[in-house]
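Here is a colleague's note to read alongside the model. Take the points one by one, and keep the viewer open as you go.

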Amino acid sequence: MAKRTKPYLRLNLKLLIMLLLAALAALALALLIILGGNHFVDTVYCSPARQADRIQSAITSFRAYVEEASVTSLDVEKIGVWNRQQPYVRLIVSGNGAVLNSDQWGAELVRADNGLVLRADTSGSSSMVFPVNFRDGAYQVQVLESSEERLYLLLNWIAVTVGGLLFLTLVLLYNSHVTSAVTRLARQVRQVSQGDLSLEIIPTSRDEIGDLAEDVDAMRLSIIDKLQREEDAWKANTGLITAMSHDVRTPLTSLLGYLDLLAGSGNLSPEQQREYLEVCRRKAEKLRELTGELFSYFLVFGKPEPDMNLETFDAQTLLDQLLGEHTAELMSQGYQVQFLGLDRPGEIQVDVQHLRRVFDNLFSNVRKYADPECPVTVTAVWVAGTLHVSITNALTRDAGRVESTKIGLQTCEKLLTSMGGSFQRHQSATSFTAEVTLPQR
């Protein structure tokens with residue numbers, strides 16, 4: 001997975017932040033509604049003119065009721081009946097030696113007095129005093145009106161309701177966002193599972209869902225890489241089988257032909273028989289070489305990665321031994337060899353048996369294609385912490401006509417890659433260079 005460079009927030013932390021922001025937004029909206037509503041009630045509904053109109057309406061209704069019901073100034077029950085129909089109006093009747101209070105719960109005599117004295121707390125309410133003709137005489141009635149309380153209460157309920165709806169809406173929107181991301185990822189995964197490996201899954205968030213998208217896309221790329229490697233292996237195997245079929249058929253046909261001559265003709269001289277047997281031996285040797293190459297190929301390429309037993313060695317000592325053996329063999333066969341070994345020690349980590357097979361294949365190619373009249377150059381040097389081993393030889397004129405499956409070179413590349421190194425080959429019309437690189441430990 002690629003290294004994350006953007007800020008990373010887990011889903012539960014995102015949810016907590018979202019809830020806090022939604023709560024703050026809901027609280028801010030509720031306060032805005034309350035403050036704006038209170039300002040409207042204070043400046044419009046509770047203006048002096050509107051309050052006077054409401055009080056005048058209340059006293060007009062009370063006077064009509066007193067006249068119609070023949071109410072006395074101390075008639076608690078009848079005054080209470082009227083007041084319960086006017087829940088936000090309070091009456092204080094003073095006269096006849098007593099003070100009568102009424103509100104939305106009814107009416108009662110709150111105290112006795114020897115004078116016509118008004119006793120009322122008018123804080124928080126609008127009040128005015130009016131004369132009212134009761135059945136037992138005319139008395140002063142103080143009217144207190146507080147209907148704005150219901151508006152304040154209504155504003156509180158509206159603020160709570162709207163704030164709650166805003167909070168719920170923000171939570172649902174966030175949940176919808178998370179759900180849509182999961183749904184989109186599930187749809188993309190379904191497309192990939194159905195074979196659409198070209199669909200790139202791009203993370204849209206930096207959280208667990210984004211991590212899952214990255215993992216799924218990494219899995220998609222891994223599947224593509226595996227399929228590509230399988231396709232390459234299939235093509236390589238197909239090419240190998242085609243080449244091997246041709247290479248095996250040619251010496252096998254010749255071998256069978258000469259064997260038929262030896263078996264079917266009794267007129268061959270001893271020299272001819274020896275000549276035919278020598279040809280048969282060479283063809284059989286060629287078949288053995290081809291089967292050896294085939295065995296070597298499947299030994300290396302039969303698994304995704306060849307078995308490695310990596311050990312640490314001094315490169316100078318190891319190369320002197322491996323390269324020295326091959327250079328000595330070449331010189332014994334008449335080749336000119338220029339060998340330049342390492343000038344200083346250094347450690348490398350390799351599988352000795354596989355590294356020996358690499359050099360066996362490379363020097364086998366030298367013996368097969370190199371011009372004996374030209375020197376073979378073998379060099380080993382350290383370059384920026386990497387070991388470079390180069391084998392360069394001139395090509396014979398008929399090198400291009402020599403049949404080859406290139407199995408040995410493919411084996412070298414596979415083995416060196418598995419050991420953490422690399423293999424490169426450079427060929428021109430007259431020369432061939434094989435270069436082996438291994439990292440210094």
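1. Let's start with S70, which counts as partly exposed because its relative accessibility is 33% (buried means under 20% relative accessible area, exposed over 50%, and partly exposed in between, with a 1.4 Å probe and protein chains only). S70 sits in the loop between α2 and α3. Although S70 is not a glycine, its phi is positive, at about 50°. Helices here are DSSP runs of H or I with at least four residues, strands are runs of E with at least two, and both are numbered from the N terminus.

2. A word on what you are looking at: this is a predicted model, where local features need pLDDT of at least 70 and side-chain atom pairs count only at pLDDT 80 or more, while totals for chains, interfaces and linings use all residues. Residues are numbered from 1 along each chain as its sequence is written, and side-chain values use heavy atoms, with hydrogens and water left out.

3. Now visit A384, in the loop between β9 (376-383) and β10 (386-394). Phi of A384 is also positive, near 50°, in a residue other than glycine. Is A384 buried or exposed? A384 counts as exposed, because its relative accessibility is 81%.

4. The axes of α2 and α3 come within 11 Å and cross at roughly 140° (axes are lines fitted to C-alpha atoms, for helices over the stretch in contact, and angles run from 0 to 180 degrees between N-to-C directions). That angle makes α2 oblique to α3; under 35 degrees counts as roughly parallel, over 145 as roughly antiparallel, 65 to 115 as roughly perpendicular and the rest as oblique. The crossing of α2 and α3 is right-handed, a term used if the near helix is turned clockwise from the far one by less than a right angle, with anticlockwise giving left-handed.

5. How many aromatic pairs does a search of the whole structure find? The search finds 3, where rings of Phe, Tyr and Trp (its six-membered ring) pair if their centres lie within 6.5 Å, and planes under 30 degrees apart count as stacked, over 60 as edge-to-face and the rest as tilted. One of them is F62 with W82, an edge-to-face pair with 5.0 Å from centre to centre and 65° between the planes. F62 lies in helix α2 (residues 48-69) and W82 in helix α3 (residues 76-84), so this pair ties together parts that are 20 residues apart in sequence. Both F62 and W82 are buried.

6. F62 has another partner to look for. The ring centres of F62 and F134 are 6.0 Å apart and the planes stand at 65°, so this pair is edge-to-face. Because F62 lies in helix α2 and F134 in strand β4 (residues 126-134), the pair ties together parts that are 72 residues apart in sequence. F62 and F134 are both buried. Put together, F62, W82, F134 and Y139 form one aromatic cluster.

7. Next, helix α1 (residues 11-45) packs against helix α4 (residues 148-193) at an angle of about 155°, with the axes 8 Å apart. That makes α1 roughly antiparallel to α4. Their crossing is right-handed.

8. Finally, compare helix α7 (residues 315-332) and helix α8 (residues 352-369), whose axes come within 11 Å and cross at roughly 25°. α7 and α8 are therefore roughly parallel to each other, and α7 passes α8 in a right-handed crossing.
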